[in-house]
Amino acid sequence: MQHVSVENNIENAFRLDPFFELSPYLLCIAGYDGYFRRINPAVCKLLGYSKEELLARPISDFIYHEDKHQTKVHRDALLKNVPLLDFENRYVTKGGEVVWLSWNSMPYDSQQLVYAIAKNITHKKRIEEGREELLAEFAEANKDLKQLNYTTSHDLRSPVNNLLTIVDLLDNANIQSKVALELLPILKSATENLNKTLNDYLGIVSQKESLNEHLEDLEIKEVLHTVISSIDSLAKNAKATFEIDFSEVSHIRFNRAYLESIFLNLITNSIKYRRLDVIPVISISTAKSDNTTQLIFSDNGLGFDMSQVKGKIFKLHQRFHNNSDSKGIGLYLVHSHVTRLGGSIEVESEVNKGTRFTISFNE
């Protein structure tokens, strides 16, 4: 029997399968040595390189520099027979443009090959980035406006009240000027109107804030279940496990949208910054401390060096890992939601040992 090489089998399979050649998705077969073995025309069209150019150089040469390390980490796991699902990274085209790709890759260990399919998600990522940045900037601007309202309340109401007091203390009998006597009631009326307008304005602002931050009695487990269900595939792909204990405190009076956002950002961060050598374990529990309800959230992920990042953790656009999709927005939003309703948040972390957040709610 004539021996047919693996390479010939691959080549023949592709010739017999027009789907490979016509697919708009990027279809690739790569060797364990880090080189493309086969690519379809969609790869060449998107990246702008010829087939010969793409096959002649290591795949890492085409990856955006900030994503090289994270891609290598996932590739090493892939070569240990761990499928890679919904992995996003950036490539650089021949013309210098950065494009986003979402990969699903399966190892074929007996042939030392990786079969992969990718989708161009550049447009989607740009829309997401713009929306996230806009939301964060809006939250920051809203916080500044809130502070301005409080400052206005303090700086304007006090002198206006003082002016009213001075007008009332004036003794009409001791005023000799007829013009002054005529202007005094006008001055008093104008000052009272200013005081009323200011109080009405601040009342409207306070009312709008209370409407936007509607508080209700929430079952914490039910809110968490809603969030986990919304990212079910993400959690399953990462093989994340949850340890949940709300036995000490099961309900809390808080804003539902804020609590959902807190859970969503903390959980997705734990999955995004997980260690690939261990199963991600996310622990969420409640406790009572000095009559204060606490939500304790911890993971066994990458963690970070507190001596390097202290004071920056909850700032906008701060990134502490090299993940390509990190925007430095999630923890900023968590901190904003907690502190906006009078709570506080503390963090403990060690490199490769995980992170622990303790949120204290103002009830």
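**A residue and a helix pair**

Modeller: Beyond its neighbours within four places in sequence, F246 is in contact (heavy atoms within 4.5 Å) with I220, K221, L224, I284, S285, T286 and L295. This is a predicted model, in which local features need pLDDT of at least 70 and side-chain atom pairs count only at pLDDT 80 or more, while totals for chains, interfaces and linings use all residues. Residues are numbered from 1 along each chain as its sequence is written, and side-chain values use heavy atoms, leaving out hydrogens and water.

F246 lies in the loop between strands β7 (241-245) and β8 (251-254); strands (E, at least two residues) and helices (H or I, at least four) are DSSP runs, numbered from the N terminus. With a relative accessibility of 10%, F246 counts as buried, a term for under 20% relative accessible area, found with a 1.4 Å probe on protein chains only. Between the C-alpha atoms of F246 and E219 there are 9.6 Å in space, although the two residues are 27 apart in sequence.

Two of the partners of F246, I220 and L224, also belong to the residues by which α8 meets α10. The axes (lines fitted to C-alpha atoms over the stretch in contact, with angles from 0 to 180 degrees between N-to-C directions) of α8 (residues 220-230) and α10 (residues 256-272) come within 9 Å and cross at roughly 50°.

Conventions
Buried means under 20% relative accessible area, exposed over 50%, partly exposed in between (1.4 Å probe, protein chains only).
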